[in-house]
Each structure stands twice: as structure tokens, then as C-alpha cells.
Amino acid sequence: MPALSLVTLVSLVSTVFTKQLDAHPPQQQHRHWAQICSGNPPNRIRGCDRYGCGNFGADRHSGKGKHVGVDVICSDGATVYAPFSGQLSGPIRFFHNGNAIDDGVQIRGSGYCVKLVCIHPIRYHGQIRRGERLGKMLPMQKVYPGIISHIHVENCDHSDPTHLLTPDVPPLPQQDGRWAAVCAGNPTNEIRGCDKYGCGYYGAPRRSGKGKHRAVDVICADGATVYAPFSGQLSGPVKFFHNGNAIDDGVQIRGPEFCVKLLCIHPVRYSGQISKGQVLGRMLPMQRVFPGITSHIHIENCDHSDPTSNLERGKGQRE
């Protein structure tokens, strides 16, 4: 091959490679976005509270509209990080009223374009890298007292970003005693925080402080699929309210090491054997009974001990 042709070919290949590299820089080669808010490594999505729900497609404007973003849980004042590398632009005004959370920024990278709202970025222009500090969460509680504070994450084309929000985390090795994920959409068995009805952690006050919560409330959207946390023998039904309301159902599972009651669910059956991770039933419509509550499964050990440590180890792994 003549020397000139060889030089031309090498130059052409180099140009093509450079263009491909610009379009897909090395730091962009991730199936999922990075952690967006400090204190929320898995980018947990806001459930439901008295202001509405945080999932993509949730009702807005009294059912006349749909939520075209996803609300990623983030405490007021927390540090916010870039989900991917790209070019910043802004500011983004969502409310157009100058309230305490009316700020945000857009990031456009190869293959992605997203708006992060209710944050104050460190700058509105220039390049930013995946995982780099982007800004801080604004004081949402000042505007919406009692809401689950969150970053509104909205794709520029209004498509659903949910599948991108789960960070790349290697699966943990199996450990004895670890329970499986209990509810679809909550792979880490996230426990309900506090809302106008109370708090979901073990030992939380009940009956105006005269009693204690002897269970844990695992967040679960109404109608979601429920799974068995461990293998064992089913028995039931288990009635908690004894008034026949829309969530007065449940089942007990007794295994070699554990015995637990799962309430506010409708099981596929009340007797027989079930395996860890197998479909157990579905979440009942808690919003009908307690409007605005964070919908959840009430999980109570048969001996009233604290199940939190077993639930925290749940990562959706199956036997």
C-alpha cells in the first residue's frame, strides 16, 4: 500500500475513533446512573404521602395529569451528585414563583438528557463528571411541610428514567439468615419513615404514646407483588383490624429459624409450603383506608422481637 494511502487510512480511523469516543466517553459506559443524593445510595424513589406519589406516571392535578418525572428521596440540605457526565445548562425553574425550591439544572450527556429540580447547583454551565458534586437539596419542608423531601428527576423527552436510577452495585454474597426482598419495587426492604399517621420503625410510639410499635412497616405500593422473605409453612388468615376494612388480611410464615406475620396483604393461599422469594400475594389498597399514608406491609415477628436486622440484609437475593 502506498505510504500516502496508509497515512490517509490511519487518519480516517483515528477520526472515526475520536468521534465515537466523544459520543461515548469512557465514564459514560454504565448501565445505570450514579447515586444522586447523599444518604440514598440506591436512589430510592419517594412513595406516597399526602401530596401525592413519586413514581413515574403517578396522578397529578386531581387525576387530570400524570407525573412525567421520578422523585428521588433526598433530605433537605443534602449533597447532590451528577448521575452521569455531561454539559450543564440552566437555571431550570419548575414552579415559576420564586419559592424556596424553585431552582434546578439540566445535564446533557451522550445518550442522556435530564433535569434535576428542587436543587441548587454549584454552577449552571460547563462540564460535569459522573459522581461529581452537583449542588445541594433545597428546603422542601418549607414549601410542603410533611412531604417526603426529594429531587424531581425528569428526562428531557419525558420518558421514564426509573430503570436508570438503580446504581451498578455488585450482588452481595448469600448469607445465612438474610431475608429476601418482601415487596416488588423495594429491593432493599426500605422501612417506612414518618407521616401524619405515625412512624414505621420498630418501637415507634402508638396510641398517643401509650404503646409501642412491635413490628416494622416495609414500604410497598398498593397492588404491588409481595414475596416470601424466607421458606416455611403458611397459616392464616391473620386479621389485624378485625373490622373487615380493605386491608384487614394477612398470613403467617413459620420456618426453621423464623416466624413472622405479614399484614395488609392478600396472600395467594393461607396454607401449605412456600419458598423464599416465591410470590406470596399482593399489597392491599392502603390508601383507601389511610389516605396519604406511606403504603406498607406490617411485618411482625411472632414473638414480637425486632425484625429490622433481618430486613436490612434483604437485597432481593433468592435461594
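# Reading the sheets, loops and cores

Author: In the antiparallel open sheet with the order β19-β25-β23, three strands are paired. The model is predicted, so that local features need pLDDT of at least 70 and side-chain atom pairs count only at pLDDT 80 or more, whereas totals for chains, interfaces and linings use all residues. Residues are numbered from 1 along each chain as its sequence is written, and side-chain values use heavy atoms, with hydrogens and water left out.

Reader: Which strands of this sheet stand at the edges, and why is one side of each left without a neighbour?

Author: Strands of a sheet pair through backbone hydrogen bonds, in a parallel or an antiparallel sense. Two strands count as paired if DSSP finds at least two bridges between them, and the elements themselves are DSSP runs numbered from the N terminus, with helices (H or I) of at least four residues and strands (E) of at least two. Here β19 (225–227) and β23 (265–267) are the edge strands, and because each has a single partner strand, one side of each lacks a neighbour in the sheet. From one strand to the next the twist averages 40°, where axes are lines fitted to C-alpha atoms (for helices over the stretch in contact) and angles run from 0 to 180 degrees between N-to-C directions.

Reader: How many bridges pair β23 with β25?

Author: Three bridges hold β23 and β25 (residues 279–283) in the antiparallel sense, and within β25 it is Met283 that stands opposite Ile265.

Reader: In what order do the six strands of the other open sheet run?

Author: The order is β5-β13-β9-β8-β7-β11, again with antiparallel pairing. β5 and β11 (126–128) are the edge strands, each pairing on one side only, and neighbouring strands are turned by 30° against each other on average, direction ignored. Inside this sheet, β8 and β9 run antiparallel and are joined by six bridges, with Val114 in β9 as the bridge partner of Ile107.

Reader: Which residues have the most contacts inside the largest nonpolar core?

Author: A nonpolar core is a set of buried Ala, Val, Leu, Ile, Met, Phe, Trp, Tyr and Cys residues joined through side-chain atoms within 4.5 Å. The largest one has 31 residues, and those with the most contacts inside it are Trp33, Val80, Ile107, Leu116, Leu134 and Ile151. Two or more residues come from each of β5 (70–73), β8, β9, β12 (133–137) and β13, and β9 gives the most, with four residues. Apart from this core lies another, of 30 residues, among them Val182, Val218, Leu262 and Ile293.

Reader: What does Val80 touch, not counting residues up to four places away in sequence?

Author: Contact means heavy atoms within 4.5 Å. On that basis, and leaving out residues up to four places away in sequence, the partners of Val80 include Ile36, Cys74, Ile119, Leu134, Met137 and Ile151.

Reader: Is Cys118 buried or exposed?

Author: The scale is relative accessible area, with buried under 20%, exposed over 50% and partly exposed in between, using a 1.4 Å probe and protein chains only. Cys118 has a value of 2% and is buried; this residue lies in the loop between β9 (112–117) and β10 (119–121), and its phi is near 80°, a positive value in a residue other than glycine. A positive phi, near 65°, is also found in His304, which lies in the loop between β26 (296–301) and α4 (308–312) and is partly exposed at 41%.

Reader: Where is Phe240 found?

Author: Phe240 sits in the loop between β20 (232–235) and β21 (250–254), and a relative accessible area of 41% makes Phe240 partly exposed. Beyond residues up to four places away in sequence, which are not counted, Phe240 touches Asp248, Leu263, His298 and Glu300. Its C-alpha atom is separated by 10.0 Å from that of Leu262, 22 residues apart along the chain. Pro237 is found in the loop between β20 and β21, and the peptide bond from Gly236 to Pro237 is cis, with omega near 5°.

Reader: Which residues does the cis peptide bond with omega of about 5° join, where Pro91 takes part?

Author: That cis peptide bond joins Gly90 and Pro91, and Pro91 lies in the loop between β7 (86–89) and β8 (104–109). Another loop proline, Pro187, lies between β13 (150–155) and β14 (194–195) and counts as partly exposed at 48% relative accessibility.
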